[in-house]
Amino acid sequence: MPKNPHKPFVIGVAGGSGSGKSTVTRQVVAAIGAENVAVVMQDDYYRDQSHMPPEERCNQNYDHPDAFDWPLMAQHLAALRKGEAIEMPVYDFAAHNRSRETITVKPAPVIVVEGLFALYDTKLRNTMSLKIYVDTASDVRFIRRLQRDISERGRSTESVVNQYLETVRPMHKQFIEPTKRNADVILPHGANGPAVDIITTKVMSLLSNGAQRG
Ligand code: CTP
């Protein structure tokens, strides 16, 4: 049982690029029910780069912790934990910038924080009751990223390969992979069904035992 039964149950879902974090999150939401879960995607908290010329935006290191607007994400999580709705920014990967729209995220008994650095920051980790690291082989992650960035994020093969070698791979080794040791649960082979089932069963039993907000 969480220590305070009136506080939302916060789950962190971390892992490298292309590891399957979004799939794990989608499966948890589907099992628990969308009305019971507020999802905070760290990708949407990339810094606003409106001040920067578009050609400069393409060359930023998007795999370093400093690429993110941590204060805004912390403020939004604190609000959700207090039972307040937030206006979550929406990131546009093709423009390498925050878009003008926002999404209203309502408070819910479960909060999922999903992103490369979900298990990086100590203060953020301390709010979590369950910390998951999605562990997927780097070749599989690269293939997925190549396919996704070309089909969904407006990138070329050459740009994906260069970015992978210059920043994605070294930053993964330096900053993301080490956060695996902060996890309670490590999911091998990405979003594998039995592991996700165990997690959702546990969360549902906590909810039915009164983990909801009062
Ligand atoms: N990124 C980028 N260009 C930007 C901003 C971010 O290419 N302007 C990339 C970063 O290099 C980072 C990746 O976006 O590696 C983060 O998204 P990723 O974790 O790959 O996507 P998810 O769908 O959240 O994760 P998963 O594939 O695990 O579901």
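This is a predicted model: local features need pLDDT of at least 70, side-chain atom pairs count only at pLDDT 80 or more; totals for chains, interfaces and linings use all residues.
Before anything else, a definition: when I say two residues touch or are in contact, I mean heavy atoms within 4.5 Å. Residues are numbered from 1 along each chain as its sequence is written, and side-chain values use heavy atoms, with hydrogens and water left out.

I will start with the whole protein. There are seven helices and seven strands, where helices (H or I, at least four residues) and strands (E, at least two) are DSSP runs numbered from the N terminus. Going along the sequence, the order is β-α-β-α-α-β-β-β-α-β-α-α-β-α. The radius of gyration is 17 Å, close to the 17 Å from the globule rule for 214 residues, so the protein is as compact as a globular protein of that length. That radius is taken over C-alpha atoms, and the rule is 2.2 Å times the number of residues to the power 0.38. Along the principal axes, the C-alpha trace spans about 50 × 35 × 30 Å.

Next, burial and surface. Of the 214 residues, 48% are buried; buried means under 20% relative accessible area, exposed means over 50%, and partly exposed is in between (1.4 Å probe, protein chains only). The protein exposes about 10,700 Å², and carbon and sulfur atoms supply 51% of that. These areas come from the Shrake-Rupley method with a 1.4 Å probe, and for residues only the protein chains shown count as cover. Taking contacts between residues at least 6 apart in sequence, 75% join residues at least 24 apart.

There is one annotation to mention. The unreviewed UniProt entry carries "domain: Phosphoribulokinase/uridine kinase" over residues 10-190. UniProt positions are given in the numbering used here, feature names are shortened, and such annotations may be inferred rather than shown by experiment. In the model that span is 38% helix and 23% strand, and its end C-alpha atoms lie 20 Å apart.

Leaving out residues up to four places away in sequence, Thr25 touches Val13, Val39, Val112 and Glu114.

Val196 is in helix 7 and is also a buried residue, with a relative accessible area of 4%. What does Val196 touch, not counting residues up to four places away in sequence? The list is Val24, Gln27, Val28, Leu187 and Ala191. Leu80, by contrast, is 116 residues from Val196 in sequence and 24 Å away in space, C-alpha to C-alpha.

Phe117 lies in the loop between strand 5 (110-114) and helix 4 (122-126). Is Phe117 buried or exposed? It is buried, because its relative accessibility is 0%. With residues up to four places away in sequence set aside, Phe117 touches Gln42, Asp63, His64, Pro65, Phe68, Trp70, Phe175 and Ile176. The C-alpha atoms of Phe117 and Ala183 are separated by 12 Å, at 66 residues apart along the chain.

Pro170 is partly exposed, at a relative accessible area of 30%. Beyond its neighbours within four places, Pro170 contacts Tyr164 and Leu165.

Another proline, Pro188, is in strand 7. Pro188 is partly exposed, with a relative accessible area of 39%. The C-alpha atoms of Pro188 and Ser19 are separated by 9.9 Å, although the two are 169 residues apart along the chain.

Last, two histidines, and some background on phi. Most residues other than glycine have a negative phi. His96 has a positive phi, near 55°, and His189 has a positive phi, near 60°. Where are they? His96 is in the loop between strand 3 (86-92) and strand 4 (97-105), while His189 is in the loop between strand 7 (185-188) and helix 7 (193-211). Their accessibilities put them in separate classes: His96 is buried at 9%, and His189 is exposed at 67%.
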